[in-house]
Amino acid sequence: MARLAAILKALGRALGRDQKSIWSLAGNNFFIVSAIVLQDAGTFIYLIIGLVILLPLSTDPLRKIPASRLRLWPLDRRERWILRAVSPWINPMTWAIAALAIWMAHGKVTVGLWGLAAGLVASGFVLSSLKITRGNGLWRRIPHFPGPLNQLIRKNLRAILCTLDLYCALLLSVSTLAFRIALPALPREAFLVLTLLVTVALSSYAQCLFGLDGKGGLSRYRLLPLPGWQVLAAKDAAFLLVAIPLTLPLAPLTGIGAALMALAIGHRNSVNAPRPQVRWRFSTGAAFLPRGLAQVAAMAVVASWIFYYSALFLIPCAAACAGSIWWYGRSIERMLKDG
Amino acid sequence: MDILSRPAILCRNLTRRFGDFTAVDDMTFEVAAGAICAFLGPNGAGKSTTLKMLTGLLPPSSGEVEVCGLDAKSQPVELKRRIGVLPEDFGLFDDLTVGEHLSLIGDVYGLGKTLTRARTDQLLRVLNLEHGRDTFAGSCSHGMRKKTSLAMALLPNPEVLFLDEPFEAIDPVTSKIMRDLLQAIAGRGITVFFTSHVLSAVEQIATQLIMIRKGRVVWNTPAAEVPVALEQHYFDLVETPVAEDIEWLGSPRS
C-alpha cells in the first residue's frame, strides 16, 4: 500500500502542476447537445455517454505515467487493479462529473442502469488501454487521392477512423437509414435534426484536427515544404470525406453546409489551442462555452438555411471554410516556425 | 561569392535565448560543400537548438544563418526543398507505413511516381528496410523508424543533410550501413551535418569537427587536426567525466 500511496501522491503532484488539464474543461459537442435536446431522456445520455467520454478521456491521471515505466514498477496484479480504480479519483474533475451525474440521475435511473453505466466506464478504460495494432483491414484499404496531399489525406482518414465520434455518427446515420427503409414516412424536419446530430457528433473532432498526429507528426509538418493552408486542407478533406457519406441517407446538402461550418469554426482551436487526443476515445474539443456552443449554433443556423431555403447558402459556407483555411494556415506556419 | 566556393552552411553570431537562458551564444562557423561535419557537445549544450535554427525550424534571437545560400529565416520553404533532415524524434506519422512515408515525400517534393518508386526501392534495399515497407510507423522498431526518417531525408536528393544523433540506439550493422551511406553521399558533393555522442563513429567519418559547450564553439577544425584521440580531446575541451566510487553498489570483486 505504501508503494501505491507514493505513486498516487506523485500523480496528484503532477496533476496539480498541470492545472490546465483539470480546469480547462474538455468538451464534446454531441454529448452536451444530446443532453440539452433530449432533456429528461438526456439524463441517461448524460450519465452513460458523459461518463464514458469524460472519465477515461480528460481526467485519467494514470495517463501521466508512460506505460513502459508503469510496467517496470514492482507492483503485483492486485496493486495494479487498485491503482487503476483509485487513480481517477485523485482528480477533482472526476468528483465534479460524478456529482453532476448523480444529481441529474437522482430518482430517474435504476440500479441496473447504474450498473450499465459503471460497465461502460470500465470498458472505456479497458478499450483505451488496449494496444490495437494496425494490421490489415480498413487501414490499408484507404483509397488514394490525386495530388501531393494524397498520403496526408489518407493518414488523416486513418486518424478519424480511430475516434469513437465517427462510430457514434455512423450509428446515427445507419439507424436513420434503417428507419427510413422500414418506415418511409419520416417527418421532413427529422432529417434536419438527424443531419445536425450526425455532424455535431463529428464536430468536436474538427476542434482538434492535429490531436492524433503526436510529436513526431508535428515535427514532420515543420519539415515538409508545404504552406500551412495545404496542411489544413488535407485535414479538412479527410473530415469531409467522412462527414459527407454519413449524411447521404439524411439531408446531404445540409450536412455538407454544417460540416463546412464545423471546420470553419473548429480551425481556431485546432491550430491555436491544440489538444492531444487519445485513440479509440471520443474527441475532446474546447469547453462547450463559448467555442463549442458557437460551433454548434453556426452549424444549426446554416443547416436550417440550406434545409428550408436554398442550397445556395452552401456558397457562403464554403467561402467561410476557405477563408478559415487561409487564415489559420498562416497561423500554422507561424506556430511551426516558432517551434 | 560563386556557387562552388560558397560554404554550404554559414552561421554568423548565431544566438538563441529562451527567456533568461541563452541556449546558443554568439556561434560562428562555416561548413564547406561536401564536408561531413560532426557537431559535438554534452547534453543540453545547444546542439539540437542549433540544428533547428540551421534547418529553419526555429528562428534565431539574433545572428544569421545561411544554408545553400538561402537565409533560413526569410526563405524557410525554399530551404526545406533543398535540405534533408533526420530530426531527433524522426518526424513520423503513426498512421502511415514506411513505404507511404516515402511516397508522401515523393508527392510533396514533386518527384513523380516513377522516380519516387525507383528511389524508394533502392533506399529500402540499401538501408535493409525492404521487409518493413508495409509496416506502420507506429509499429516499427526504433532502428526502422530511424532508417525510415533517413530515407525520407535522402529521397529528394538534398544538397545538405542534417542528422540529429544518427548513430544513437541502433545496432552495429545499421550503424555501419549509415556510416557507409553518409561517406558515399558526401563523396557525391552532399554536405552532411550531424550531431552525435558516438565518438567512434564520428572518428571514422567526420571531415570537420565542431565542439560546443554551454552554447559556444570551443573547437572547430578539420578532423585530421585533432591533436590526440578524439575522446580524450573531447574530455579535455568539453567535459571531464566525474570519477566517484558508489560504495553502496557493493565492494569491487577481485
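Predicted model: local features only at pLDDT ≥ 70, side-chain atom pairs only at ≥ 80, totals over all residues.
In strand S7 of chain B, Val160(B) is the bridge partner of Ile83(B). Strand S6 of chain B and strand S7 (residues 160-164) of chain B run parallel and are joined by four bridges. Helix H5 (residues 142-154) of chain B lies across S6 and S7 of chain B. The direction of H5(B) is at about 175° to that of S6(B).

In chain B, six strands form an open sheet, and reading across it gives the order S6-S7-S8-S3-S9-S10. The pairing in this sheet is mixed. At the edges stand strand S6 (83-86) and strand S10 (216-222) of chain B. Each of these two has a single partner strand, so one side of each is left without a neighbour in the sheet. From one strand to the next, the twist averages 15°.

Next comes strand S3 of chain B, which sits between S8 and S9 in the strand order. S3(B) pairs with strand S8 (residues 191-195) of chain B in the parallel sense, over four bridges. Within that pairing, Ile36(B) stands opposite Val192(B) of S8(B). S3(B) also pairs with strand S9 (residues 208-213) of chain B, again in the parallel sense and over four bridges. Here the bridge partner of Ala38(B) in S9(B) is Leu209(B).

Is strand S3(B) enclosed or left open by the rest of the structure? Five of the five residues of strand S3 (residues 36-40) of chain B are buried, so the strand is largely enclosed by the rest of the structure. A residue counts as buried here if 20 or more other C-beta atoms lie within 10 Å of its own. Both faces of S3(B) are covered.

Strand S1 (residues 9-18) of chain B runs antiparallel to S2(B), and seven bridges join them. One pair to look for is Cys11(B), which stands opposite Phe29(B) in S2(B).

Now turn to chain A. Its secondary structure consists of 16 helices and zero strands. Of the 339 residues in chain A, 42% are buried. Among contacts in chain A between residues at least 6 apart in sequence, 85% join residues at least 24 apart.

Two packed helices are described by the angle between their axes and the distance between the axes. For helix H10 (residues 164-182) of chain A and helix H11 (residues 188-203) of chain A, the angle is about 165° and the axes are 8 Å apart. An angle over 145 degrees counts as roughly antiparallel, and H10(A) and H11(A) are therefore roughly antiparallel to each other. The crossing of H10(A) past H11(A) is left-handed. H10(A) brings residues including Leu166(A), Ala169(A) and Leu172(A) to the contact, and H11(A) brings residues including Leu194(A), Leu197(A) and Val198(A). By class, this contact has nine nonpolar, two polar and one charged residues.

Another pair is helix H13 (residues 228-247) of chain A and helix H14 (residues 252-272) of chain A, which pack at an angle of about 150° with their axes 9 Å apart. H13(A) and H14(A) are therefore roughly antiparallel to each other. H13(A) passes H14(A) in a right-handed crossing. Among the residues in contact are Phe239(A), Leu240(A) and Ile244(A) of H13(A), with Ile256(A), Ala259(A) and Leu263(A) of H14(A). The residues of this contact divide into nine nonpolar, three polar and one charged.

Finally, the two chains meet. How many residues does each chain give to the contact? Chain A gives 24 residues and chain B gives 27 residues. On the side of chain A that touches chain B, helix H9 (150-161) and helix H12 (214-223) of chain A each supply at least two residues. H12(A) provides the largest share of that side, eight residues. The residues of the side of chain A that touches chain B comprise seven nonpolar, eight polar and nine charged.

Technical notes. Residues numbered from 1 in each chain as written. Chains lettered and ligands numbered in written order. Contact = placed C-beta atoms within 7 Å. Nonpolar A, V, L, I, M, F, W, Y, C, P; charged D, E, K, R; others polar. Buried ≥ 20, exposed ≤ 12 C-beta atoms within 10 Å, placed from the backbone. Axes fitted to C-alpha atoms, helices over the stretch in contact; angles between N-to-C directions. Parallel < 35°, antiparallel > 145°, perpendicular 65-115°, else oblique. Left-handed = near helix turned anticlockwise from the far one by under 90°. Pairing = 2+ DSSP bridges.
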